[in-house]
Amino acid sequence: MFIALAVLPLLLGLGYAMAYSLGLVGLLSEGFTLAHWEEVLGSAFFWRTMAFSAWVSVVTTVLAVGVALGFVAAWPRVFLRGSLSLFIYFPLAIPAIVMAFIVFQMLSAGGLVSRLAYQLGLISGLEQFPGLVNDYWGIGIIAAHFLMAAPFFIIFFANLYENEQVEEFVQLARTLGAGARQAALRVAAPLLLRRAFPTIVLYGLFVMGAYEAPLLLGRQSNQMVSVLAIQKLQRFNLGDIPQAYVACIAYSAIVLSLAVWLLGRNGEERLKYQGSGGRGKKV
Amino acid sequence: MAKRLLKYAFIALLLVPFGFLLMLSLGRGWAYPEVFPRQWTLENWHFVWGAQAGLGRSTLLSLAISLGIAAPVTLAGFWVSKHIAYSRRRRFWLVLAYLPYVLAPAVLAACLQAFFFRAELSGKVWGVVLAQLFITFPYGVIFFSGFWNEQMRAMEQLAATLGGRPRQAYARVLIPVGRGALMTCFFQIFLISWFEYGLTMLIGVGKVQTLTLKVFQYVGEANIFFAALTGCLLVLPPLVLLWLNKRYVFARAGAR
């Protein structure tokens, strides 16, 4: 059952994409060729797309992890008990497509933030509002993913803080003369980061392949890789399809290499803590 | 006092997206530079039950797909993960289970689209269900991989020593012990399916109109009020599940 539902679809999908990209199958196939690979890998646009995907992923992950770590190191118990322990889960109930819609309606030139700025006399018209969505730097995409990622990491770190008995290490550091800030920065934060590293990497890779938010909040000249591949696949030009598959395979190869490089052999051992049987049960 | 105020401010911040969605779903005419809609009405919500917008149908379809996937995948994940967890190649199988997420579900769907066309499953509900199984089932396996530890193995062996058959061990020992984890897994798989857009759009070719597709359709039509209304319909079940999870599953786990 595992092979049929998890392994076979992957092998079939990647195998078909590879065969199509090499001209071995498909409506316009004329036999083995590397032309599509040369075209895609030789185009600056593809590498710009990869770089933009990596940029969005890294900025989102660093911001979300930094903010979450700051909150949890400063107020570890607040997110485990009381009303915040419930409300912090609320943003996780918002699907990516809805979050993208909310961010668009808030940060676009005609959005809520622009209207508030107008009412406060900060701008005199919507044309003065800076472009925060469909922009060059992907601010809108990063904002949407940050709003989903930060609560996730707050919950994750708060549970790790409790389950890994970080409090005891912090108390020990305080007893040995460390200040509250020193204990948070030098003891709690490194411990949490070390334990959460595989999850942070996987989340970063997940953001890199995101589709919904970039579709709504991105721009044509600066696309993320999922959007590029699927747009090429859905165009009426049949010549674009092998290129879409090249993009899929190349992206998969890059992401897999990154995962292997960053997670290495110890990744799975540490990932156990996310599982239901690990002590991080509530995550 | 200041800490409490900060806490309430943080909660208010977390509730802003929900208030904003609700405001737009109840609004009509939101001309610049007004902060609030010109007119407040429940009329948009009446469309949920009207046949014209098809929102009621999309809600039921999304519910049917997500519930139809969550229940069997939870049970299958529970059963299969046990065999994987106790196998010698555990690490290898688990790495394979992570791949659909690492490679992005939308990219996986793009690679598989041709097979669904050939099998005439493209644009069909069953096709979308099958495609969603490819990402939810590995998640179920990953979820339970940590559940099967030495303690579980010892409990199962004890049941066998006392004369219980494997089926009895599941029914009387493993499933009752894992009830909390089973519930949580069910909720999470429901949410993965409920939130799914890219894969559903590609395999369903826009014909399987789940709620996530409706949001995008209304955004494309520049109908922000219906998009917000559909957004409200999408966030409501996860909030209910969240409350149930907190109220019953975590509370019970805490009591133990």
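Guide: B:Ser81 belongs to helix α3 (residues 55-85) of chain B; helices (H or I, at least four residues) and strands (E, at least two) are DSSP runs, numbered from the N terminus. This is a predicted model, in which local features need pLDDT of at least 70 and side-chain atom pairs count only at pLDDT 80 or more, while totals for chains, interfaces and linings use all residues. Residues are numbered from 1 along each chain as its sequence is written, chains are lettered from A and ligands numbered from 1 in the order in which they are written, and side-chain values use heavy atoms, with hydrogens and water left out.

With a relative accessibility of 1%, B:Ser81 is buried; here buried means under 20% relative accessible area, exposed over 50%, and partly exposed in between (1.4 Å probe, protein chains only). Setting aside neighbours within four places in sequence, B:Ser81 is in contact with B:Ala76, B:Val141, B:Phe144, B:Ser145 and B:Trp148, contact meaning heavy atoms within 4.5 Å. With B:Trp148 there is also a polar contact, side chain to side chain, at 2.8 Å. A polar contact is a pair of N or O atoms within 3.5 Å; within protein, one must be able to donate a hydrogen and the other to accept it, and residues adjacent in sequence count only if both atoms are side-chain atoms.

Chain B has 12 helices and 2 strands, which run α-β-β-α-α-α-α-α-α-α-α-α-α-α from the N terminus on. Its C-alpha trace spans about 70 × 65 × 30 Å along the principal axes. Of the 256 residues in chain B, 55% are buried. Among contacts in chain B with a separation of 6 or more, 71% are between residues 24 or more positions apart.

A salt bridge is a side-chain nitrogen of Lys or Arg within 4 Å of a carboxyl oxygen of Asp or Glu; over all chains, the whole structure has 6 of them. In one, B:Arg153 and B:Glu150 meet at 4.0 Å, N to O. Being 3 residues apart in helix α7 (residues 150-161) of chain B, these two are separated by about one helical turn. B:Arg153 is partly exposed at 29% relative accessible area, whereas B:Glu150 is exposed at 58%. Another joins B:Arg28 to B:Glu43, with the closest N and O atoms 3.3 Å apart. That pair links distant parts of the chain, with B:Arg28 in strand β1 and B:Glu43 in helix α2 (residues 43-46), 15 residues apart. Both ends are partly exposed, B:Arg28 at 28% and B:Glu43 at 39%.

Some backbone angles in the loops of chain B also deserve mention. Most residues other than glycine have a negative phi, and most peptide bonds are trans. B:Tyr32 and B:Pro33, however, are joined by a cis peptide bond with omega about 5 degrees, and B:Pro33 sits in the loop between β1 (27-28) and β2 (39-40). B:Val205 has a positive phi, near 40 degrees; this residue is in the loop between α10 (198-204) and α11 (211-220) and is partly exposed at 36%. B:Ala222 has a positive phi too, near 60 degrees; its loop lies between α11 and α12 (224-255), and the residue is exposed at 64% relative accessibility.

B:Phe10, in helix α1 (residues 2-25) of chain B, is buried at 15% relative accessibility. Residues up to four places away in sequence aside, B:Phe10 touches A:Phe71, A:Phe79, A:Leu84, A:Ile88 and A:Ile154. The contact as a whole takes 81 residues from chain A and 77 residues from chain B. About 7,000 Å² is buried between the chains, 79% of it from carbon and sulfur atoms; buried area is the accessible area (1.4 Å probe) that two parts lose on being put together, summed over both. A:Phe2, A:Phe101 and A:Arg115 supply 11% of the area that chain A buries against chain B, more than any other three residues. Between the two chains there are 0 salt bridges, but 6 residue pairs are in polar contact across the interface (both at pLDDT 80 or more).
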